Amino acid sequence: MIMYDINQIRTDFPILGRTVYGKPLVYLDNGATTQKPRQVVEAISNEYYNTNANVHRGVHFLSQQATELHEASRETVRRFINARSTNEIVFTRGTTESINLLAATFCQSQMQAGDEVIVSTMEHHSNIVPWQLQAMQRGITLRVIPMDDEGNLLLEEYEQLFSPKTKLVSIAHVSNVLGTVNPVREMIATAHAHGVPVLVDGAQSIPHMPVDVQALDTDFYVFSGHKVYGPTGVGVLYGKEKWLDKLPPYQGGGEMIQHVSFEKTTFNELPFKFEAGTPDYIGTTGLAKALDYVSALGMEQIAAYEHELTQYALGRLMEIPDMRIFGQAKERGGVISFLVGHIHHFDMGTLLDRLGIAVRTGHHCAQPLMTRLGIEGTVRASFGLYNTKEEVDALVAGIDRVRKMF
Ligand code: PMP
């Protein structure tokens with residue numbers, strides 16, 4: 001099963017060696033955020049210690065070095081997702097800001113009252129509320145792709161949602177609750193057949209599988225650095241140049257302008273048109289290091305390793321009496337949501353925590369999905385590249401122990 005040296009890898013993540021309540025930490029909350037390898041933390045502190053200067057506008061040595069690092073990071077991101085050009089890589093604060101940026105600029109320039117955006121039942125609030133904010137201001141409507149009880153989107157119903165009013169489809173690549181890997185390539189082809197562009201929310205796919213935006217032919221793809229072993233506060237909006245060119249700036253300020261006068265201001269070229277103010281140039285260095293780190297392991301390898309671990313976990317969890325797993329889609333990733341008997345998710349999470357096991361509980365920022373499932377929340381274990389079978393065993397033993405207390 002082990003396709004890379006897991007023990008060696010774990011030494012790159014010092015936090016995994018710590019204890020909580022005197023127990024070894026079992027970190028199974030990777031869907032919320034991932035731990036950082038030493039290489040990322042060192043790159044960040046190294047830049048602060050040795051190369052820190054504001055980027056792009058400086059003539060002095062340090063500023064030029066910092067700018068080179070920042071722009072080299074953009075190239076690393078481009079390569080990682082196989083974008084055509086660095087003009088298509090916009091740095092943001094994360095998935096949420098990327099979607100808000102797109103919702104605001106796309107709706108403002110490409111949509112009118114009565115037009116529609118298609119999303120799915122299993123979206124994170126980050127891919128619902130930005131569209132609702134636009135809906136309130138501009139009178140646009142959300143149409144929702146339904147799913148079956150296993151957590152597969154219903155593709156025939158999806159196709160029925162298209163009309164001349166449909167202007168955009170915005171869907172998660174991988175569900176942060178069900179683990180479903182949506183058939184985005186096929187869904188993008190369907191949308192394109194109707195002349196409609198697609199945004200893919202890659203928050204839960206970028207850490208777990210190779211992503212090639214050209215092969216997917218997606219128009220937009222967004223993700224957060226912190227979910228792919230990089231720092232918090234930095235993320236990416238990928239957009240095809242032909243689309244980004246059509247969109248107006250999002251925020252105003254330094255960097256995004258070409259020339260400013262009180263009479264008329266002109267805007268910078270891509271991607272800077274969307275990057276107002278000092279960018280998180282230290283964060284982009286950290287993100288690039290994280291992408292280098294996972295690339296060195298190999299995204300295919302990571303996917304295969306996590307797949308085996310997930311299959312093992314699903315098998316072991318199903319041994320537990322009264323176990324209900326939410327999400328049994330044909331294609332699924334390493335996110336497992338569950339409930340056991342009548343034990344409240346919050347009680348389960350709190351008691352597992354006392355055993356050193358970090359899981360997430362609640363609605364996972366997907367309340368419409370909870371409504372669809374007829375529940376308030378779940379316990380969620382989500383794996384990263386460094387998790388082990390022994391940790392799965394600890395989770396199973398922990399759940400069993402909690403179950404016996406009730
Ligand atoms: N979309 C999905 C599918 C997610 O899982 C998350 C994070 N839980 C987000 C969007 C939002 O990401 P962030 O908070 O990093 O902006």
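## Around the ligand

Some side chains in the shell make polar contacts, meaning pairs of N or O atoms within 3.5 Å. Serine 224 has a side-chain N or O atom 2.7 Å from an oxygen of the ligand, and the side chain of histidine 226 also has an N or O atom 2.7 Å from a ligand oxygen. With histidine 124, the ligand atom is a nitrogen, 3.3 Å from an N or O atom of the side chain. On its own the ligand has 400 Å² of accessible area, and the protein covers 85% of this (Shrake-Rupley method, 1.4 Å probe).

## What the model is

This is a predicted model, so local features need pLDDT of at least 70 and side-chain atom pairs count only at pLDDT 80 or more, while totals for chains, interfaces and linings use all residues. Residues are numbered from 1 along each chain as its sequence is written, and side-chain values use heavy atoms, with hydrogens and water left out.

## Salt bridges

Side chains of opposite charge can pair when their charged atoms come close. Searching the whole structure turns up 17 salt bridges, each being a side-chain nitrogen of Lys or Arg within 4 Å of a carboxyl oxygen of Asp or Glu.

Take aspartate 217 and lysine 240, whose closest N and O atoms are 2.8 Å apart. This pair links distant parts of the chain, 23 residues apart: aspartate 217 is in the loop between α8 (213-216) and β9 (220-224), and lysine 240 is in the loop between β10 (235-239) and α9 (241-244). (Helices, H or I with at least four residues, and strands, E with at least two, are DSSP runs numbered from the N terminus.) Is lysine 240 buried or exposed? Lysine 240 is buried, at 16% relative accessible area, whereas aspartate 217 is partly exposed at 34%. The cut-offs are under 20% for buried, over 50% for exposed, and partly exposed in between (1.4 Å probe, protein chains only).

Arginine 316 has two partners to look at. One is aspartate 393, with the closest N and O atoms 2.9 Å apart; that pair joins helix α11 (residues 299-317) to helix α14 (residues 389-405) across 77 residues of sequence. The other is glutamate 319, at 3.2 Å between the closest N and O atoms. Glutamate 319 counts as exposed at 53%, while arginine 316 is partly exposed at 22% and aspartate 393 is partly exposed at 28%.

## Out on the surface

Helix α14 also holds glutamate 390, which counts as exposed at 56% relative accessibility. From glutamate 390 to tyrosine 281 is 38 Å in space, C-alpha to C-alpha, and 109 residues in sequence.

Val129, Leu133 and Met136 make a nonpolar surface patch of about 290 Å². Nonpolar patch members have over 30% relative accessible area and no salt bridge, with side chains joined within 5 Å. Leucine 133 sits in helix α5 (residues 129-138) and is partly exposed at 38%.

Terms used
A polar contact is a pair of N or O atoms within 3.5 Å; within protein, one must be able to donate a hydrogen and the other to accept it, and residues adjacent in sequence count only if both atoms are side-chain atoms. Patches are made of residues with over 30% relative accessible area and no salt bridge: like charges are joined within 9 Å, nonpolar side chains (Val, Leu, Ile, Met, Phe, Trp, Tyr) within 5 Å.
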